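This report describes one protein chain from its coordinates.

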Amino acid sequence: MAALLAPPHPGFFAVLATRRAYTTLLYLLFSMATGILAFTYAVTGLSLSLGLAILIIGLPFAVTFLAGTRLLAVAEVHLLKAMVGAAGSEAPALLPEGEGWLARLKTLVGDRRTWTSLLYFLLLMPLGIAYFTMLVTALSMGLGLLAVPVLRLLHLGGSFTGDLGGFAWVTAHPGLAAAVCGLAGLVLVPLTLHLALLLGRFQVWLARHLLVR
């Protein structure tokens, strides 16, 4: 069974024509929302499992919660394959192997992958918030800088006024300043996509070690 691996990295400007860069960016931007949902599921499930342990429904609830964690792990791996482009046929089993349901349930509780999957979903929220913050900031700056020369050509933007931190040449040469902004944006947008691909590779590595192995 082939291991879950990240795909090869494209060239600097070739990333602009790479579909996987945009699907990875979309996955990472949505990971804040999915991370909050996964974190809520994990914390709520753990709390209720411990709180209901003394009741007769405690054991069935805990088993259902752990089985749901394994189900979410399978779904996350397939989502990474579809959105990030993770290669390989390796995927976590929905339930551990065993002879009979009782043996499989015992293995479910004792299987390391069950608990590492739970750890993965606990980590998904802080990682998702970090991904969202970094990528939205970088993408906004890049697109904003790209828009400066376009707006100047269309006469829709304001002129550069003021000292701007000591850069007097900006007010003296507004056309040159707009061109510099455009070039900076032209570099920053591909850099943002490359950052998304690198973060996607990290997420695949994390999933391989916590969800699969």
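## Helix α1 and the overall fold

The 33 residues of α1 should span 48 Å at 1.5 Å a residue, and the end C-alpha atoms of α1 are 46 Å apart, which agrees. The expected span is 1.5 Å times one less than the number of residues in the helix.

The model is predicted: local features need pLDDT of at least 70 and side-chain atom pairs count only at pLDDT 80 or more, while totals for chains, interfaces and linings use all residues. Residues are numbered from 1 along each chain as its sequence is written, and side-chain values use heavy atoms, with hydrogens and water left out.

The chain has six helices and zero strands, running α-α-α-α-α-α from the N terminus on. Helices (H or I, at least four residues) and strands (E, at least two) are DSSP runs, numbered from the N terminus. Of the 213 residues in the chain, 35% are buried. Buried means under 20% relative accessible area, exposed over 50% and partly exposed in between, with a 1.4 Å probe and protein chains only. Among contacts (heavy atoms within 4.5 Å) between residues at least 6 apart in sequence, 76% join residues at least 24 apart.

## The largest pocket

The largest pocket holds about 240 Å³ of space. Its lining has 13 residues, and the closest to the pocket centre are T34, E76, L79, F121 and L124. The elements that give two or more residues to this lining are α1 (19-51), α2 (58-83) and α4 (112-153). The largest share, six residues, comes from α1.

By type, the lining divides into 10 nonpolar, two polar and one charged residue. Ala, Val, Leu, Ile, Met, Phe, Trp, Tyr, Cys and Pro count as nonpolar, Asp, Glu, Lys and Arg as charged, and the others, Gly among them, as polar.

A pocket is an open set of points on a 1 Å grid over the protein atoms alone, where a 1.4 Å probe fits, with protein on both sides within 12 Å along at least five of seven lines; lining residues have an atom within 4 Å of a point. Grid points are joined across faces, edges and corners, and the volume is the space filled by probe spheres set on the points.

| Residue | Relative accessible area | Contacts |
|---|---|---|
| S31 | 0% | L124, G128, Y131 |
| F65 | 5% | Y41, A42, G45, L46, S49, L118 |
| Y120 | 1% | Y27, E76, L80, Q203, L206, A207, L210, L211 |
| T192 | 1% | L135, A138, L139 |

F65 is in α2; F65 and G45 are 20 residues apart in sequence and 6.1 Å apart in space, C-alpha to C-alpha.

Y120 belongs to α4. The C-alpha atoms of Y120 and L211 are separated by 7.3 Å, although these residues lie 91 residues apart along the chain. One of the contacts of Y120 is E76, which is also among the residues closest to the centre of the largest pocket. T192 lies in α6 (residues 174-212).
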